[in-house]
Amino acid sequence: TFCSSPLPVQLRLWARPAIAMACGSSVDEFVHYRGELQNVRWEESPLAGSARWTALRAVAGGGAPAPAGGSGGGFSCGWDDVDDGPAEDDPSWHAFDELRDAEETSGKPGAGGRKLTRKEREKKRDEEQLREARESIRKRGWTENEVKWRSWLARRGHDVMVNDWNLYRHIDGECTPPSRDPFWLNANDKPLPDYEAGNDGPNEEAEPPMTNLMGEVIKPKYEPPRIRTLPALWSDVDGARLAEECLGRKAEAYCWRQTTSMVYLEVRVPEGTPARDLRVEMRPSHLRVSVGSAAPLLDEELHMRIYVGSNADDQSSVWELQDRRCLVFHLVKWHRLEAGNVRDASRTWWRQCFASEEPFENKVPTNAYYDTRKEERR
């Protein structure tokens, strides 16, 4: 047999017609037949006349014993016996290297290779993207600072307000702010003022609003909380008029006023005090207010009785905390016309709120006191 050992596919296809025509003939006839098909002149080949080719022909012609491992005393050969091929550093191998790289990139197994894993394919894709990005940057002529700035805009520029003061937080490495970068200075008609220098001159321009790439003003996602500035406590209360009309009194720690059926008492508490820390005790003739276990802020006997009531009663006395600095009592008078325990409104008038307080000079209410009844009816 001429070819008893496994040969490459191309070699087996080429050898089939030759074996059919020259079975049992010499190697010279087979090589001559292949030369006619491929238009190759073997006599001009550098292999012709070599010692290896002479030994191969001698073995094929029966001049030497068959090598060990042959089948049935026949002769077996392959292309490796005819020629070793070009050296490893020969330029002719470059075409096969490119084909192998393309097969590895696509993840398909190449000739004699293995299939790339998922991590290897991702790494290969990342390297290609990085190579393409560097080539694109080189063609565009961007500077290093401009590349950093554009990369920041692509990653986090859509949801962060950036300026010259917080730019270093968002960009890794050294980067020139837009107001210093010549690329951005040339893009504007006039350079931006140096806000970091602190030039508070009379003609200094205001800081321009932050805009996006489309020129639209960037607004915060949520409106800033409103800062309420509270006026001084009881600054709108005219204490002198209250005392003159005998309707109430304004003091340092409290302020009260009255109508024909209600008494409104406001007590000052430490600013920022939560309602859960207040200890309030209301009795028909006594009031006590304290914060936690501290000394009481108010502990006084009332001049006249009040109707405390209950939670189910609409006409009960209640208290509330306003702005965490003022405790307001809505006290229902015990003696009132609605209860039917007095004959006229003059008997519902309080000359003083607490027993320790100085009473009004008048012994009867003024006309302003009766006018409050009209306001209650409204």
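Reader: What makes strand S4 (residues 278-283) and S5 count as a pair?

Author: They pair in the antiparallel sense over six bridges, and two strands are called paired if DSSP finds at least two bridges between them, so S4 and S5 qualify. The strands themselves are DSSP runs of E with at least two residues, while helices are runs of H or I with at least four, both numbered from the N terminus. S4 and S5 also form a hairpin, with two residues between them. Within this pairing, Val280 stands opposite Val289 in S5.

A word on the model: it is predicted, so local features need pLDDT of at least 70 and side-chain atom pairs count only at pLDDT 80 or more, whereas totals for chains, interfaces and linings use all residues. Residues are numbered from 1 along each chain as its sequence is written, and side-chain values use heavy atoms, leaving out hydrogens and water.

Reader: Why is His286 called buried?

Author: Its relative accessible area is 15%, and buried means under 20%, exposed means over 50%, and partly exposed lies in between (1.4 Å probe, protein chains only). The value for His286 is therefore in the buried range. You will find His286 in strand S5.

Reader: What does the side chain of His286 make with the side chain of Asp299, and how do you know?

Author: The two side chains make a polar contact at 2.6 Å. That term asks for a pair of N or O atoms within 3.5 Å; within protein, one must be able to donate a hydrogen and the other to accept it, and residues adjacent in sequence count only if both atoms are side-chain atoms. Leaving aside residues up to four places away in sequence, His286 touches Glu281, Asp299, Glu300, Glu301 and Leu302, where contact means heavy atoms within 4.5 Å.

Reader: What makes Arg288 and Asp299 a salt bridge?

Author: Their side chains come to 3.9 Å, N to O, and a salt bridge is a side-chain nitrogen of Lys or Arg within 4 Å of a carboxyl oxygen of Asp or Glu, so the pair meets the cut-off. Arg288 lies in strand S5 (residues 286-291) and Asp299 in strand S6 (residues 298-301), so the bridge ties together parts that are 11 residues apart in sequence. Arg288, at 30% relative accessible area, is partly exposed, and Asp299 is partly exposed at 40%.

Reader: How many salt bridges does the structure hold?

Author: There are six. Another one joins Glu357 to Arg249, with the closest N and O atoms 2.8 Å apart. This pair links distant parts of the chain: Glu357 is in the loop between strand S9 (326-333) and helix H11 (367-377), Arg249 is in strand S1 (residues 248-250), and they are 108 residues apart. Glu357 counts as buried, at 8% relative accessibility. Glu281 and Arg283 form a salt bridge too, their closest N and O atoms being 2.6 Å apart; Glu281 is partly exposed at 28%, as is Arg283 at 47%.

Reader: Which are the buried residues of H11, and why are they said to be on the same side?

Author: They are Ala368, Tyr369 and Thr372. These residues cover an arc of only 100 degrees around the axis, which puts them on the same side of H11; the arc is that of the directions from the helix axis to the C-beta atoms. What covers them includes strand S2 (254-258) and S9. The face of H11 turned away from the buried side carries the exposed residues Asn367, Lys374 and Arg377.
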